[in-house]
Amino acid sequence: MEVKEITNRDVDFAKWYTDVCQKADLVDYSTVKGSMIIRPLGYAIWEQMVAVLDQKFKETGHENVQMPMFIPESLLNVEKEHVEGFAPEVAWVTYGGKEKLDERLCVRPTSEVLFCDHFKKIIHSYRDLPLLYNQWCTIVRWEKTTRPFLRSREILWQEGHTMHATAEDAKKETLQMLEIYKNFQEEYLAMPVITGKKTEKEKFAGAEETYTIEAMMYDGYALQNGTSHYFGNHFAKAFGIEFVNQDNKLATPYQTSWGTTTRMIGGLIMTHSDNNGLVLPPKIAPWKVIIIPIGDVSAKLTELEKSLKENHITYKVDNSNKTPGFKFAEAEVKGYPIRVELGARDLGQNQVTLVRRDTLEKTTVSFEDVLPTINILMDQMQKDMYDKAKKRRDSMIYQATTYEELKDIAATKPGFVKINWCGKSECEQKIKEDTTMKTRCLIEDEAVDGNCIVCGNKAITKVYVGKQY
RNA sequence: CGGGAAGUAGCACAAUUUGGUAGUGCACUAGAUUUGGGAUCUAGGGGUCGCAGGUUCAAAUCCUGUCUUCCCGACCA
């Protein structure tokens with residue numbers, strides 16, 4: 001029993017993905033390439049993510065601000081590495097009405113320079129630090145290839161920007177935010193993730209250290225689902241940001257930035273969803289329950305709705321005049337975690353049928369037990385989805401000890417490969433050219449013993465490599 | 001940005017080869033009968049054929065350009 005019009009996941013994964021996005025009414029394409037319309041269900045999922053993350057940011061002392069959308073060219077040019085990294089993909093505003101602008105304005109691709117420009121004005125003393133800011137906004141990067149949620153030109157995201165008195169404090173902040181992202185994705189999105197440091201070659205333009213959150217999709221491809229950067233004081237120096245420390249000496253502060261985007265929705269889909277459509281972990285689903293009345297059950301429906309409301313369980317009722325079969329299928333496409341089949345025939349025996357979306361397993365309970373059972377099923381489902389995703393991911397992580405072995409895995413098995421590496425970009429580049437795999441992140445908590453899989457020189461670290469979105 | 005494929009009603013497609021009144025199914029609207037895995041009947045509505053030029057008595061059809069989508073690379077959250 002498969003949903004009509006959704007391509008089979010194992011036949012054409014890419015097509016399946018865009019089918020799910022569209023059939024579940026998450027997005028629509030707009031007339032401008034790479035600018036997607038996020039529809040109510042897609043946006044509701046994002047709002048859930050925002051609510052949880054925003055609270056975590058505030059609990060750790062961050063404040064929300066809103067920076068301008070435009071960056072004057074001269075400002076973007078202040079930090080050399082940064083501008084070189086972003087210049088190829090920025091959009092420019094060159095006219096205001098009919099008048100050509102004296103200085104063109106770039107539409108922010110990220111806001112480091114805007115924050116620095118502002119920080120310069122407001123940081124004077126060690127008492128002003130740490131300065132912990134975040135903003136929810138959209139940015140623009142002129143991507144060549146675009147796909148709903150995974151790669152768009154207009155990106156809905158969150159970017160944190162902080163300044164600290166010492167390098168230790170800034171490094172601590174970088175890791176703290178990485179941990180918050182990891183916990184959020186594992187606990188709420190039921191996505192097992194790998195965190196670690198990016199290589200020199202893969203790090204953010206202008207950063208000293210970039211940490212990444214790497215998730216593995218159903219097809220074994222990697223998706224970078226967030227980043228946290230430690231900048232040292234490069235930007236601060238370039239922008240002339242200084243403060244007076246406790247010894248009354250001038251000092252340069254240390255900086256971080258960190259971000260997550262609606263790409264997480266894409267990751268969520270490619271981790272959990274199936275041939276019947278969307279599957280959402282209960283903790284992130286905007287509506288936990290869909291009630292499908294069959295026959296005349298209005299009295300019990302009212303009673304059930306009251307009880308759901310009292311227990312703060314969000315739900316929807318499908319009161320359309322479609323047949324039950326249609327409603328079941330529709331509920332599956334949209335990914336409601338729990339389906340309540342409230343049928344006259346069942347209720348005659350004081351029974352209600354509950355169906356969990358991930359396994360499509362049916363449970364029949366007495367009407368009085370509906371609410372507690374919903375809670376039990378949701379808890380179980382949240383846990384099972386994580387375990388299932390983790391088991392699948394772990395089964396697709398390989399270890400290669402020779403270069404031939406790596407090439408063989410790259411050609412035949414989807415997933416990540418752990419390898420020994422000497423740390424040189426040339427070896428990293430060769431892997432990419434030969435296998436299209438890029439380094440995901442360094443593995444710093446495992447002892448290294450042996451030689452670089454590419455050049456044979458002494459390895460200094462282990463690293464994950466994998467194909468990516 | 002390179003290589004490939006495709007754009008005709010909300011969706012899937014036909015008509016294009018051979019230029020001559022734009023069609024089918026699903027969806028939609030109204031009414032009726034239905035309702036435990038994608039209902040049935042009847043009657044309706046909806047398309048300047050992606051867009052812009054050109055050729056022609058005549059263009060969905062031929063030519064040129066352009067935009068968008070999908071796949072494979074390069075780039076990236």
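Q: Which of the 47 residues around RNA strand B come nearest?

A: A residue is near a molecule or strand if its C-beta atom, placed from the backbone, lies within 6 Å of it. Of the 47 residues around RNA strand B, Ala14, Lys33, Gln224, Gly325 and Gly343 come nearest. This is a predicted model, in which local features need pLDDT of at least 70 and side-chain atom pairs count only at pLDDT 80 or more, while totals for chains, interfaces and linings use all residues. Residues are numbered from 1 along each chain as its sequence is written, and chains are lettered from A and ligands numbered from 1 in the order in which they are written.

Q: Which element gives the most to the surface near RNA strand B?

A: Elements are DSSP runs numbered from the N terminus: helices are H or I with at least four residues, and strands are E with at least two. Helix 10 gives the most here, with eight residues. The elements that give two or more residues are helix 1, strand 11 (222-232), helix 10, strand 17, helix 11 (344-347) and strand 18.

Q: How do the residues of the surface near RNA strand B divide into nonpolar, polar and charged?

A: Ala, Val, Leu, Ile, Met, Phe, Trp, Tyr, Cys and Pro count as nonpolar, Asp, Glu, Lys and Arg as charged, and the others, Gly among them, as polar. The surface near RNA strand B has 18 nonpolar, 16 polar and 13 charged residues.

Q: In what order do the five strands of the open sheet stand?

A: Two strands pair if DSSP finds at least two bridges between them. In this sheet the order is 16-15-17-18-19, and the pairing is mixed. Strand 16 (315-317) and strand 19 (362-366) are the edge strands, each pairing on one side only. From one strand to the next, the twist averages 25°. Strand 15 (residues 289-294) and strand 17 (residues 338-343) pair in the parallel sense over six bridges, and Pro293 stands opposite Leu342 in strand 17.

Q: Which strands does helix 10 touch where it packs on the sheet?

A: Two residues are in contact if their C-beta atoms, placed from the backbone, lie within 7 Å. Axes are lines fitted to C-alpha atoms, for helices over the stretch in contact, and angles run from 0 to 180 degrees between N-to-C directions. Helix 10 (residues 324-334) touches strand 15 and strand 17, and its direction makes about 175° with that of strand 15. Helix 9 (residues 298-310) also packs on the sheet, where helix 9 touches strand 15, strand 16 and strand 17 at about 170° to the direction of strand 15.

Q: Where is Asp25 found, and why does Asp25 count as partly exposed?

A: A residue is buried if 20 or more other C-beta atoms lie within 10 Å of its own, exposed if 12 or fewer, and partly exposed in between, with C-beta atoms placed from the backbone. Asp25 lies in the loop between helix 1 (13-23) and strand 1 (27-29). Asp25 counts as partly exposed because it has 14 C-beta neighbours inside 10 Å. Although Asp25 is not a glycine, its phi is positive, about 60°. Leu360, in the loop between strand 18 (351-356) and strand 19, also has a positive phi, near 60°.

Q: Which peptide bond is cis, with omega near -5°?

A: That bond runs from Leu129 to Pro130. Pro130 is in the loop between helix 5 (112-122) and strand 7 (131-140).
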